[in-house]
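Please look over the sequence and the structure shown here. The notes after them go through some of the features.

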Amino acid sequence: PAITLADARVKAASLRAALAKGEALREAPETNSSVTFGAVAEEVLQRKIFRSSSHQRQWERSLRELAKPLSHRPIADITRQDVIEVLAPHWHRVPETARKLRARIEKVLARATALDLRTGNNPAGWRDGLKELLEPQDATKRGHFNAMPYRQVPVLVERLRTLTGFSTRALLFTILTAARSGEVRGADWGEIDLTSKIWLVPKERMKAKREHAVPLSEQAIDVLEALPHRSGLVFPNANGTALSQMALAMALRRAMAPKGVRAERVKIDATVHGFRSSFRDWCSENGVAREIAELCLAHLIGNAVEQAYARSTVLNRRREVMQSWADFLWLRSIQLGQLGEPPAARSPADGG
């Protein structure tokens, strides 16, 4: 009310003239130039809810080690070029690590913007210009895990059945259930119902943060019933704590090692996580519906309504699929017996 219409017209004309000259109509808010990237990164690490200790270590390595060149820089001054220089050493050499590093740097800068510590576009934002400045990564290195062809998995299963130890049993159980290794390594007897043959993985250990019911095949039940205890962790290490990711990887190496060659010296073309891909390929070639195969892998499909419907109606169908997969592995492994060297295993003498 204190401003007349005539005064408003004069003010509007002045602003239009400034805008036509490219001048800013508002002054940028002041930022605290003394706050560093490292300080905000530590806040992000403190606030982040991690899926596991391994997940936490990955975030800490990204922000404390790989992004160290940014640590002491004022966060208000960090540019897109600064981010590119941090990403460049890893972008083609370890693409998956570089992509995660970029996303985590973006998260730190986004928090700084929310706290009014910086203004403007996010220098690490993929669609804020970074995509146009970084060279495309090799499409064959987009984070896929090496997988053993599914027809060769029964040979490995035959070897695993002759070995002992919790890491070996855990690997065998991982293959039978097509689960992620972290889900298996953290499995507790309280999650398993041997009577109904269900393993209920809590949402805290699931990538999608949703509880997942795994129907257990007869062979998976046999693995569990052969274990010497019925409380606490299903597959503990010698100290009674959870097995490490490396423990399963070494179990795989031991099973694939040629006779007389130490597991540490074996070079293999397969990973523990890759057995999920082996299972998926088997599904594709054996007429399993895509939706059922994806649900067996705990992948989310469709919208929220479809997901809710699928979760409530396909347990029995998934049970049939998991039993067929286990039968293929078990019966085929019996037929194969001991067939010499495991597939994809190479000793140093072979050029590995």
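Predicted model: local features only at pLDDT ≥ 70, side-chain atom pairs only at ≥ 80, totals over all residues.

The structure contains 13 salt bridges. In one of them, Glu42 pairs with Arg64, and their closest N and O atoms are 3.0 Å apart. Glu42 belongs to helix α2 (residues 37–47) and Arg64 to helix α3 (residues 53–66), 22 residues apart. Glu42 is partly exposed at 30% relative accessibility, and Arg64 is partly exposed at 37%.

Another salt bridge joins Glu218 and Lys197, at 2.4 Å from N to O. Because Glu218 sits in helix α10 (residues 218–225) and Lys197 in the loop between β1 (192–193) and β2 (198–201), this pair ties together parts 21 residues apart in sequence.

Glu294 and Arg280 also form a salt bridge, with an N to O distance of 2.7 Å. Glu294 is in helix α13 (residues 290–296) and Arg280 in helix α12 (residues 274–285), so the bridge ties together parts that are 14 residues apart in sequence. Glu294 counts as buried at 13% relative accessibility, as does Arg280 at 17%. Elsewhere, salt bridges with shared partners join Glu42, Glu60 and Arg64 into one network.

There are zero disulfides in the structure. Cys283 is buried at 0% relative accessibility, and Cys296 is buried at 6%.

Conventions
Residues numbered from 1 in each chain as written. Heavy atoms only, no water. Disulfide = S-S within 2.5 Å. Buried < 20%, exposed > 50% of the residue type's maximum accessible area, 1.4 Å probe, protein only. Salt bridge = Lys/Arg side-chain N within 4 Å of Asp/Glu carboxyl O. Helix = DSSP H or I, 4+ residues; strand = E, 2+ residues; numbered from the N terminus.
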